[in-house]
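Subject: Structure handover, salt bridges

Hello,

Here is the structure I said I would pass on. Please open it alongside this message, as the notes below refer to residues by number.

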Amino acid sequence: MRIKIVLGGWLLAITLAWLAVLPPELGVSPLVDAQGAATGWWQLRQQALYLSGLWSIGLMALAMVLALRLPWLERPLGGMDQVYRLHKWAGISAALTAILHWGADESSDWIKGLWGRAGRPARDAVLPWLTDARGFAKDLGEMAFYLLLAMVAITLLTRLLAYKPWRFLHRAMPLVFLALTLHTVALMPLTFWTLPLGLLMGTLLALGSLAAVWSLAGWIGRARSHAGHIHAVRTLGDGGAAAPIEVICALPASWPGHRAGQFAFVRFDASEGAHPFTIASAPGSLGTSAQGEPLLRLVIKPLGDYTRTQQVWVAGGVGITPFLALLEARQPGATPAPSKLQPVQMHYCTRDAATDPLLPRLRTLCAQAQPPVTLTVHGDAQGQRLRPQDLEATPGPLDIWFCGPQGLGDALHAHASGPRPWRVHRESFAMR
């Protein structure tokens, strides 16, 4: 819901600023007058071209700023995973509004074919020092538009391209934004630079451009980075291709620590970039290395926002890893000692409860947890698949925290809209 509110509010602000600078005669002329001039159609086409362009570049500026992973955005948006989700949908929305912009531009041929050029308004004046750059800016914007569509399409079709080439292509997005910024500045009417639209768009273009340069320079997250090293690696379970991998990292003295259930952006290879990984160990639970370096455990799975007041936990497969950290924080003698925690009903979904490598440890942690965590295991091989209806036996309003397969998460979310008061929190990291 927050994502829809932010995107809707963002587009509304741009629309209201555009309405404030519209010429007073807009809408007065009929679509086609008595002389056959399509004055009204030409005016509608022109303003549709402007508004869709403002929407698109405004959404791209939002996506560029969100890509910086600014910490102060986490709380109002509900966690860094929600920042990622908003970034993704801002990019998709920018592409959709860019299609509207392109369609409005191409509609001139349709209007000319029906009524001719009569009534077509003259070109609006632009910034004087960019008058001669109109043609170049128009061609540059068209090329950037096609690149934007291609990048968004490849992002949505996650199986079309392997991660490394996809990441290289995605890193070109700041260049596309800078090209579209030049396109916007060179072609936006001079009257649009007055208040309030001029201030709004000038701010968005400036912030988006700074974010683009910051991204191209590779500075995202650098101020909060900590150079650690791999202390140990082992494969859990039978060591098969699908088995989770446990990585123990040794961190420098600058590491500020973490809370149970949080994630960290980790980069093992400079060519791969940083990925969000679950911290699957409670603070201080692994102690330190021989050199006194604090240790933490990673199991490669993204994690959503952190809370201390969960009532129902639902995990599927390797989605159990964030909950392992939360369970470790509930163990006797945990540091810091747990406080203000509630008892939890936990549901763990696995393909085969008889062979699951994480289940023994999970049973032990749940049995020793303080306050208690009641564990229910749902093994597919045993015919015990979890259904949303199975949670209705839990009394009272349900606060459900989920990490696992998208299908199960969608089913829980859909069931939450029924008459029973449910709240479903789920991790939303989708790198592509």
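What follows is a short account of the salt bridges.

Please keep in mind that this is a predicted model. The count comes to eight salt bridges. Two places are described here.

The helix pair

K112 and D109 form a salt bridge, with 3.6 Å between the closest N and O atoms. Both residues belong to helix α4 (residues 80-115), where they sit three residues apart, about one turn of the helix.

The pairs around R297

R297 forms a salt bridge with E246, and their closest N and O atoms are 2.7 Å apart. R297 lies in strand β5 (residues 295-299) and E246 in strand β2 (residues 245-250), so this pair ties together parts that are 51 residues apart in sequence. R297 is buried, with a relative accessible area of 10%, and E246 is buried too, at 7%.

R297 also meets E328 in a salt bridge, at 3.1 Å from N to O. E328 is part of helix α9 (residues 321-328) while R297 is in strand β5, so the pair links parts 31 residues apart in sequence. Both E328 and R297 are buried. Through shared partners, salt bridges join E246, R297, E328 and R361 into one network.

Regards

Note on methods:
Residues numbered from 1 in each chain as written. Predicted model: local features only at pLDDT ≥ 70, side-chain atom pairs only at ≥ 80, totals over all residues. Heavy atoms only, no water. Salt bridge = Lys/Arg side-chain N within 4 Å of Asp/Glu carboxyl O. Helix = DSSP H or I, 4+ residues; strand = E, 2+ residues; numbered from the N terminus. Buried < 20%, exposed > 50% of the residue type's maximum accessible area, 1.4 Å probe, protein only.
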